[in-house]
6 protein chains.
Amino acid sequence: MARPDGRQPDELRPVTLTRQWSVHPEGSVLVEFGQTRVLCTASVTEGVPRWRKGSGLGWVTAEYSMLPRATTTRSDRESVKGRVGGRTQEISRLIGRSLRACIDLKALGENSIVLDCDVLQADGGTRTASITGAYVALHDAVGWLAERKALAGKPASVMHRSVAAVSVGIVDGEPRLDLNYLEDVAAEVDMNIVCTGTSDFVEVQGTGEANVFGRDQLDALLDLGVLGCVELADAQRKALAE
Amino acid sequence: MARPDGRQPDELRPVTLTRQWSVHPEGSVLVEFGQTRVLCTASVTEGVPRWRKGSGLGWVTAEYSMLPRATTTRSDRESVKGRVGGRTQEISRLIGRSLRACIDLKALGENSIVLDCDVLQADGGTRTASITGAYVALHDAVGWLAERKALAGKPASVMHRSVAAVSVGIVDGEPRLDLNYLEDVAAEVDMNIVCTGTSDFVEVQGTGEANVFGRDQLDALLDLGVLGCVELADAQRKALAE
Amino acid sequence: MARPDGRQPDELRPVTLTRQWSVHPEGSVLVEFGQTRVLCTASVTEGVPRWRKGSGLGWVTAEYSMLPRATTTRSDRESVKGRVGGRTQEISRLIGRSLRACIDLKALGENSIVLDCDVLQADGGTRTASITGAYVALHDAVGWLAERKALAGKPASVMHRSVAAVSVGIVDGEPRLDLNYLEDVAAEVDMNIVCTGTSDFVEVQGTGEANVFGRDQLDALLDLGVLGCVELADAQRKALAE
Amino acid sequence: MARPDGRQPDELRPVTLTRQWSVHPEGSVLVEFGQTRVLCTASVTEGVPRWRKGSGLGWVTAEYSMLPRATTTRSDRESVKGRVGGRTQEISRLIGRSLRACIDLKALGENSIVLDCDVLQADGGTRTASITGAYVALHDAVGWLAERKALAGKPASVMHRSVAAVSVGIVDGEPRLDLNYLEDVAAEVDMNIVCTGTSDFVEVQGTGEANVFGRDQLDALLDLGVLGCVELADAQRKALAE
Amino acid sequence: MARPDGRQPDELRPVTLTRQWSVHPEGSVLVEFGQTRVLCTASVTEGVPRWRKGSGLGWVTAEYSMLPRATTTRSDRESVKGRVGGRTQEISRLIGRSLRACIDLKALGENSIVLDCDVLQADGGTRTASITGAYVALHDAVGWLAERKALAGKPASVMHRSVAAVSVGIVDGEPRLDLNYLEDVAAEVDMNIVCTGTSDFVEVQGTGEANVFGRDQLDALLDLGVLGCVELADAQRKALAE
Amino acid sequence: MARPDGRQPDELRPVTLTRQWSVHPEGSVLVEFGQTRVLCTASVTEGVPRWRKGSGLGWVTAEYSMLPRATTTRSDRESVKGRVGGRTQEISRLIGRSLRACIDLKALGENSIVLDCDVLQADGGTRTASITGAYVALHDAVGWLAERKALAGKPASVMHRSVAAVSVGIVDGEPRLDLNYLEDVAAEVDMNIVCTGTSDFVEVQGTGEANVFGRDQLDALLDLGVLGCVELADAQRKALAE
């Protein structure tokens with residue numbers, strides 16, 4: 001049973017990371033996983049929220065959102081509905097936790113960075129593309145602070161790990177890497193893996209959408225996810241080297 | 001390094017499942033994991049939401065909440081704040097997905113069941129206690145429908161699996177089962193495992209709170225979680241047999 | 001015409017006041033008027049709201065809420081609806097006023113106490129049970145402050161009165177004490193009486209639900225209400241003596 | 001101790017009821033109790049809310065609000081705050097209940113009437129002035145329906161009672177009728193009495209603001225309130241006769 | 001084609017400006033343009049919002065609202081809907097900008113003035129009547145500050161211009177001044193003109209409701225609007241002279 | 001006094017209109033006015049809102065929004081704040097009115113089209129760029145309906161006019177076309193002109209931000225705006241011809 005776009009089961013979609021896509025933010029990356037397209041911006045402000053003042057620690061947080069027509073049919077705006085939905089909040093929290101895992105908040109010093117991940121076009125994997133792109137935007141924002149000598153620690157020590165994420169799932173009984181929308185909808189098991197550049201786990205979330213899953217299936221998905229994250233870490237390194 | 005309450009690393013806290021704690025709901029269970037105490041009720045209504053009418057399928061959904069002083073310090077009510085927070089929504093969605101995994105919505109027929117999990121007292125593991133208790137409340141509500149001949153399928157086929165959940169984590173470098181609040185706060189890695197009575201996974205969520213984690217640590221936590229869920233499935237069976 | 005549960009017109013339902021039902025709050029009481037069951041907790045915080053700082057006066061406020069399935073049919077959560085309803089606010093304000101009538105805010109000193117009354121099971125009289133239980137929880141919270149020498153005045157002077165409340169009503173033309181849900185729905189006139197332990201009135205609220213009422217009926221209801229409050233004050237004294 | 005405006009203890013402020021103050025509503029009355037000035041409008045719509053359709057019964061509801069600068073200092077608008085406060089809801093509910101007590105909803109037929117009471121200027125007694133004025137506006141709206149032969153019963157049977165309301169209170173130890181703002185603030189006990197034109201009670205709400213009160217004080221206040229309502233019923237009759 | 005109320009195309013409706021309509025506000029004006037009736041109040045508070053402190057500049061802002069039955073059919077309250085609608089916000093912003101154009105915020109000093117424009121009865125032109133009335137209320141509030149020596153500059157320099165507003169439109173192909181509701185609904189082009197007493201423009205907003213419009217039509221409407229504003233400035237002067 | 005980017009006073013910034021920027025919407029255009037970059041999508045749904053059913057008329061509406069970091073400093077999301085701000089609503093309404101002026105809703109038939117204008121990067125003129133881009137997206141959506149034979153009238157008759165918009169203003173005393181952000185902030189008078197391809201006005205909005213303006217200045221701005229709109233209409237024609 002071939003994949004809808006002809007990929008191998010362990011093959012990522014084409015990944016692009018376009019730095020400085022916007023002129024205003026301290027870091028801005030347009031990340032594309034195939035047709036999924038997310039604008040990740042990192043906004044720096046001096047100081048930290050009131051409850052953190054004087055701690056010597058910085059603060060990193062994230063907000064995820066989708067344009068109303070990023071998807072095949074239009075969704076109502078959350079601003080118009082007057083409340084942020086459960087799915088949006090869950091993904092925003094996941095992105096924030098994942099990025100905080102790769103930054104030393106003490107070395108960052110009392111600076112705040114907000115990562116905005118706005119999905120311009122969706123074709124599956126928007127949360128994992130967001131994490132992968134936000135890492136690069138965050139790296140640029142830390143570089144911006146370094147240039148201004150505004151970090152508490154040595155620049156190299158601030159971003160002590162890289163972090164990337166990918167979705168994996170079981171479709172038609174087959175473990176597959178980086179599901180697109182069609183596969184995501186058809187998946188029996190769906191998992192998001194967040195890994196560092198050295199293959200350690202930051203977060204693992206697996207759900208039996210239409211079925212339960214055994215330990216062997218879980219193991220296969222974890223293998224595939226780590227593989228994908230390593231490849232993404234490589235793409236991040238290349239983008240940052242340009 | 002002993003656990004704060006003297007348990008073995010692979011030992012659950014005392015678990016009690018008190019059925020029919022309330023007089024009004026079709027199913028109601030007071031579940032206790034040590035000092036964590038959650039009231040789980042199952043409310044049946046005939047019919048399904050408009051978008052599901054005529055599908056022949058039932059609907060199960062869940063809502064989680066904490067009393068303001070379930071915790072060591074008082075939290076503001078979400079009704080007063082005017083919005084349901086991200087954590088609450090995330091947990092409500094997890095409970096709903098987990099319980100839907102153990103029920104055949106076709107055999108349920110066009111009936112709706114809302115599972116309310118209200119934390120009366122919190123000491124870690126409130127979401128996993130909620131899932132474990134809600135399973136028993138849901139079972140009673142299905143029994144109530146069976147007595148009234150209101151199910152579409154055979155009663156036995158409606159609840160085709162049992163489901164239970166437990167938290168596991170790495171504290172002081174040691175994998176431990178069923179963390180209480182003190183351990184939860186201190187955990188380097190924190191994981192929630194939702195399993196069926198036959199040790200299949202329904203949901204796996206692991207987070208490196210203060211650290212990342214390797215595959216071996218992940219494996220140890222999965223082993224521990226499955227073990228705990230098997231024991232909880234046993235407690236559920238006993239409660240339902242009374 | 002006998003009462004649904006066989007009581008005399010001037011007979012209360014069985015009343016229980018279980019202190020220290022929860023481990024975290026400074027005061028916590030599970031109050032039961034028959035099948036009506038309310039968890040009343042008192043949460044102490046040092047200091048007072050900004051607008052009261054430097055006044056030397058403390059602050060006592062209350063919040064009432066019902067679990068969604070405390071009633072015979074499920075109600076939507078106010079947190080989900082995004083607003084606190086009129087009935088809830090009205091009762092919260094009544095409880096707050098009633099409890100402030102029995103405490104000397106100057107002797108309390110600049111401490112704040114929030115009384116949370118969460119109805120776990122409803123069978124009529126939830127607001128009067130809340131007031132009666134909250135008094136005991138407040139008394140325990142003041143005791144907690146006394147132990148820590150955190151009161152501005154002498155402990156005995158802080159709670160200078162006791163306060164209790166009961167519903168009365170005219171059902172089938174007969175004045176009755178402490179209506180349960182069935183009677184409450186059928187009542188022609190419905191009244192809530194809040195009294196001190198020495199039979200003084202704190203608050204009187206009477207409504208001709210399905211009818212108007214004459215002065216003689218009003219007088220009979222007031223007599224009955226005072227009688228009930230005296231009996232409840234006795235139960236409070238016994239609970240506090242344990 | 002004289003009253004601030006020189007009145008006798010049992011003397012109302014000058015009362016005016018100006019009918020047809022606005023051109024659009026089916027009933028509209030500007031009611032003045034001294035400097036308190038409330039615009040009461042009655043808006044008729046054919047039909048009733050969905051949950052009442054086919055019952056043969058009409059529906060009457062009320063909404064109370066204050067202009068931001070009706071008071072001595074400006075209050076924020078509830079529309080801007082995004083929620084209707086507890087006090088506003090409590091008063092809206094009281095007005096609605098009071099007016100429903102004087103109308104036969106069966107004779108009204110399946111028509112809906114909304115009573116809007118907007119306080120243009122406040123000097124104490126805004127809720128009692130609202131009830132008193134809304135009765136006249138409601139009467140005019142029922143007359144409007146009668147002219148169009150849109151009532152289910154005979155016009156005379158629709159408004160089978162008149163209803164009026166007044167505040168009473170104990171100030172400087174003296175029971176007084178119709179408190180203005182200065183007296184309201186200084187009152188030890190504060191009570192709102194809603195009566196029919198034949199001196200029956202519709203609603204009684206008494207609160208010991210700064211003190212508790214004995215049965216004799218309560219009796220004195222009830223006497224005074226009935227007296228005031230009789231006088232207001234007379235003013236209503238005269239206004240309707242014009 | 002005569003106008004519904006028999007006016008000439010360039011004729012205003014009768015305009016009245018009643019100062020001191022309310023007792024509490026520092027400035028209060030009931031403005032009437034024919035049957036359109038708006039209560040404009042100006043509320044002074046010492047100091048400015050936090051973001052403006054220490055700037056030496058004052059602050060003037062405006063809020064517009066309509067009573068629910070100001071119109072021919074009743075509208076729901078924005079407080080009940082929980083949000084301020086687009087039209088309301090747009091008009092509030094227009095009133096605020098227009099009034100800030102006629103006041104020297106430096107000469108005002110660090111004082112804040114809120115202009116509340118509440119439409120008691122609507123018959124077209126409510127926003128232009130609001131601006132015209134609010135100018136007079138603002139003038140009175142500045143006078144109140146002058147009496148208390150609370151202005152930073154000379155009283156005369158604070159209100160360095162007068163401002164008034166009027167609607168114009170093309171109805172049945174004819175340019176007309178000060179449209180009432182019937183004309184407003186029928187207008188092909190609708191324009192609001194805000195002018196100073198010396199015929200300078202403050203704001204111009206023209207919309208082709210049912211059609212587009214040419215430069216010659218625009219010119220005719222501008223001429224008519226300036227004419228109307230000059231007449232209104234005269235009415236303002238007379239009102240302030242009383 | 002040269003313009004910040006060296007343009008002539010009557011010179012537009014480089015304009016690009018990229019059709020089919022997104023894969024999902026029926027019409028999607030990335031419009032750029034210099035560094036201002038807006039994604040305009042047109043979403044078609046069969047049918048119209050309930051209040052319009054059976055009218056034979058279609059419906060076109062618009063929603064405008066800015067990404068949080070489209071600007072030089074980050075703004076909070078309106079979804080997080082829980083309400084859509086006044087400026088956003090005002091612009092959404094303007095875009096909707098402008099686009100409805102160029103479409104024959106009868107020829108459109110009972111179809112609904114939502115125009116979403118999301119500002120990805122802001123440098124002045126975001127509302128006028130939105131209108132200009134949304135016209136092209138709307139044209140493509142109508143073409144999409146034409147291909148499916150889903151229009152009520154002849155395709156050519158549906159879009160009977162073109163519409164474009166541009167900002168003009170007086171900066172340093174000089175009337176200028178198409179202000180960028182720096183000029184917008186410095187402008188004494190600021191005006192938005194919406195015109196058809198045949199130089200008729202659809203909407204004119206002029207504001208004296210820091211000053212009032214005379215009729216001669218208004219005339220100069222109108223001349224400049226018409227000129228700009230003619231040029232933009234040409235760019236739209238070219239984009240649609242590709």
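Start in chain D of this predicted model by selecting helix α4, residues 126–147. Helix α4(D) lies across β6, β8 and β9 of chain D, and its direction makes an angle of about 165° with β6(D).

The open sheet has eight strands, in the order β7(C)-β6(C)-β8(C)-β9(C)-β9(D)-β8(D)-β6(D)-β7(D), with antiparallel pairing. At the edges are β7 (174–177) of chain C and β7 (174–177) of chain D, each of which pairs on one side only. From one strand to the next, the twist averages 15°.

Select helix α7(C), residues 215–241. This helix lies across β6, β7, β8 and β9 of chain C and also β9 of chain D, at about 145° to β6(C).

Finish in chain E with helices α2, residues 86–100, and α4, residues 126–147. Their axes come within 10 Å and cross at roughly 40°. The crossing of α2(E) past α4(E) is right-handed. To display the contact, show Arg87(E), Ile91(E), Leu94(E), Ile95(E), Ser98(E) and Leu99(E) from α2(E), then Thr126(E), Arg127(E), Ser130(E), Ile131(E), Ala134(E), Tyr135(E) and Leu138(E) from α4(E). Eight of the contact residues are nonpolar, three polar and two charged.

Note on methods: Residues numbered from 1 in each chain as written. Chains lettered and ligands numbered in written order. Predicted model: local features only at pLDDT ≥ 70, side-chain atom pairs only at ≥ 80, totals over all residues. Heavy atoms only, no water. Pairing = 2+ DSSP bridges. Helix = DSSP H or I, 4+ residues; strand = E, 2+ residues; numbered from the N terminus. Axes fitted to C-alpha atoms, helices over the stretch in contact; angles between N-to-C directions. Contact = heavy atoms within 4.5 Å. Left-handed = near helix turned anticlockwise from the far one by under 90°. Nonpolar A, V, L, I, M, F, W, Y, C, P; charged D, E, K, R; others polar.
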